[in-house]
Amino acid sequence: MIFNKFLYPIIYISIAEIVAVFLILILLIVFHLLHLQKNQQHKAYYDQLINIFLSALEKEQPQLAAEVISKIRYPFVFLRVVENIDGKFADASWLKIKEELLEKQLFPLAYRWVNSSNWEKRNFAARCFALYPREKETQYLIQLLKDPIPLIRITIAQCVGALATIPLVKALIETMVKEPESGRYPYRDALLKAEIKIYSWIREQLKRENEPELRLIYLDLLSIRFDSSILEYVHQDLQAESVKLRLKAIQLLLKAPTEETAALLLPFLQDP
């Protein structure tokens, strides 16, 4: 009797554990099967969209994509297809299709998801804006430049480079100030194709700016499209306390070697 008194609870506990493990295994199998089914549905939808868009482009009949544009089943898959085709086509037929699907389907989602707590949805919004950068979305672009996720900020930096308006460039520079120096390159590179007028604006900011970190960024951006006229503004940086700022000023002076710049640089052979 004493044996049974201790044995029965152990047996009951063991059975309960076996049942729990069995249920967990069943749930894992169900989740796995659902995941496989979802992936298959996404692949089928992706292939369907690719075929429809390519057919419309080959026949130069954008209206063939009208039914697809009118309703999106899987937004993330849809966006991936659009990005894929946009990287391969730039003809008038595709641009017409892209503009219509962005206006009717993707931008409305982007406007809603730009404030989402889900970073993937905010990234979705950023990717939509990157497909077709427009000044009318400036407020959303500036908001996403402040996003805590680096991928989102870098995606929006491409929009800034494409539009290169002063409000957006100002916001980009504010973002760069908060980044470590090694993390500034994607933002810097985004401005490689910006119009000359933006560099004129940056030069004007350099004239008035005294804050070392901002001066460093302005000098770095101006070095993209070097103009010897900026040399007159870097003399003060040769005496800056910031080693990085002194070094950037020296690098700019070396781009235009003259007797004058050589005289300015010689003392730095003794720089600690």
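## Crossing of α4 and α5

In this predicted model, helices α4 and α5 cross in a left-handed sense. Their axes come within 9 Å and cross at roughly 145 degrees. On the α4 side the contact is made by Lys-98, Leu-102, Leu-106, Phe-107, Leu-109, Ala-110, Tyr-111 and Trp-113, while α5 contributes Lys-121, Arg-122, Phe-124, Ala-125, Cys-128, Phe-129 and Leu-131.

## Aromatic pairs around Phe-129

Across the whole structure, a search finds 9 aromatic pairs. One of them joins Phe-107 and Phe-129, whose rings are stacked, with 5.9 Å from centre to centre and 25 degrees between the planes. This pair links distant parts of the chain, since Phe-107 belongs to helix α4 (residues 92–113) and Phe-129 to helix α5 (residues 119–131), and the two are 22 residues apart. Phe-107 has a relative accessible area of 1% and therefore counts as buried, the limit being under 20%. Phe-129, likewise with a relative accessible area of 1%, is buried as well.

Phe-129 also forms a stacked pair with Tyr-140, at 5.9 Å centre to centre and with 15 degrees between the planes. Because Phe-129 lies in helix α5 and Tyr-140 in helix α6 (residues 138–145), this pair ties together parts of the chain that are 11 residues apart in sequence. Together with Tyr-111, the residues Phe-107, Phe-129 and Tyr-140 form one aromatic cluster.

If residues up to four places away in sequence are not counted, Phe-129 touches Phe-107, Ala-110, Tyr-111, Glu-137, Tyr-140, Leu-141, Leu-144, Ile-156 and Cys-159. This list includes Phe-107, Tyr-111 and Tyr-140, which are the other members of the aromatic cluster, and it also includes the charged residue Glu-137.

In soluble globular proteins, nonpolar side chains tend to be buried together. Here the largest nonpolar core has 76 residues, and those with the most contacts inside it are Phe-53, Phe-78, Leu-101, Leu-106 and Phe-129. Helix α4 gives the most to this core, with 9 residues. Two of the residues with the most contacts inside the core, Leu-106 and Phe-129, also take part in the contact between α4 and α5, Leu-106 from α4 and Phe-129 from α5.

Conventions:
Residues numbered from 1 in each chain as written. Predicted model: local features only at pLDDT ≥ 70, side-chain atom pairs only at ≥ 80, totals over all residues. Heavy atoms only, no water. Phe/Tyr/Trp six-rings, centres within 6.5 Å; stacked < 30°, edge-to-face > 60°. Helix = DSSP H or I, 4+ residues; strand = E, 2+ residues; numbered from the N terminus. Buried < 20%, exposed > 50% of the residue type's maximum accessible area, 1.4 Å probe, protein only. Core = buried A, V, L, I, M, F, W, Y, C linked by side-chain atoms within 4.5 Å. Contact = heavy atoms within 4.5 Å. Axes fitted to C-alpha atoms, helices over the stretch in contact; angles between N-to-C directions. Left-handed = near helix turned anticlockwise from the far one by under 90°.
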